[in-house]
Each structure stands twice: as C-alpha cells, then as structure tokens.
Amino acid sequence: CTCSFLDTDRALVLLEEYCQKLRKPEEQQLKKAIRKVMGIFKSSLFQALLGSFTKKATRHGTISHPSLPAAVAYDVPGCPKD
C-alpha cells in the first residue's frame, strides 16, 4: 500500500514548512536536526523498512489504514504486544 509513503511525503512537507520558520540563531541547531530527520525519511533504507512494516502489519490484520506509528509499533523486537 502506498498510504504510508504518502504519509511520509506529507510529513516531509510539514517538516520543510516548519524549517522555513526557524530563522533565529538559537533555532539553527533544531533546524539542522530536522533536516537530518528529513534525510532519513528520504533514504531508501527508511522507505524499505516502512514498506516492510506496512506489509507485515497489513498481512496480519493489525492495521486497516497503514500509518507510520502503527506500522513501526507492530512487532518491533523489544516492544510489548497488546
């Protein structure tokens, strides 16, 4: 499903909009950190992991409308299952 990829694209748009508002010198460290997160979201590794979690969660019926938080929270080693 491309739903999670669309969610990621929307998150990137929102992060970019927020970054544009960060202009004060004391906000530059936050801006740099946000840009790092954006780079991770754009990476092929992140996209592959997102697709893997989404497919697994959808296959097991855990989520009906895949989204990043639900997909990531599902079956991650070390995370308790409900």
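## Salt bridge

The count comes to one salt bridge, defined as a side-chain nitrogen of Lys or Arg within 4 Å of a carboxyl oxygen of Asp or Glu. The partners are Glu16 and Arg35, whose side chains meet at 2.9 Å, N to O. The pair links distant parts of the chain: Glu16 sits in helix α1, Arg35 in helix α2 (residues 28-42), and 19 residues separate them.

Glu16 is partly exposed at 25%. Arg35 is partly exposed as well, at 37%.

## Basis of the model

This is a predicted model: local features need pLDDT of at least 70, side-chain atom pairs count only at pLDDT 80 or more, and totals for chains, interfaces and linings use all residues. Residues are numbered from 1 along each chain as its sequence is written, and side-chain values use heavy atoms, with hydrogens and water left out.

## Overall build

The protein has four helices and zero strands. From the N terminus on, the order is α-α-α-α. Helices (H or I, at least four residues) and strands (E, at least two) are DSSP runs, numbered from the N terminus.

Of the 82 residues in the protein, 21% are buried. The protein exposes about 6,000 Å², and carbon and sulfur atoms supply 61% of that area. Accessible areas come from the Shrake-Rupley method with a 1.4 Å probe; for residues, only the protein chains shown count as cover.

Contact means heavy atoms within 4.5 Å. Among contacts with a separation of 6 or more, 40% join residues 24 or more positions apart.

## Aromatic pair

The structure holds one aromatic pair. Phe41 and Phe46 form this pair, and it is stacked: 5.0 Å centre to centre, with 20° between the planes. Rings of Phe, Tyr and Trp (its six-membered ring) pair if their centres lie within 6.5 Å; planes under 30 degrees apart count as stacked, over 60 as edge-to-face and the rest as tilted.

Phe41 has a relative accessible area of 15%. Phe46 has 15% too.

## Around Thr8

Thr8 lies in helix α1 (residues 3-21). Thr8 counts as buried because its relative accessibility is 3%.

Which residues does Thr8 touch, not counting those up to four places away in sequence? They are Phe41, Phe46, Gln47 and Leu50. Two of these, Phe41 and Phe46, form the stacked pair.

Note on methods: Buried < 20%, exposed > 50% of the residue type's maximum accessible area, 1.4 Å probe, protein only.
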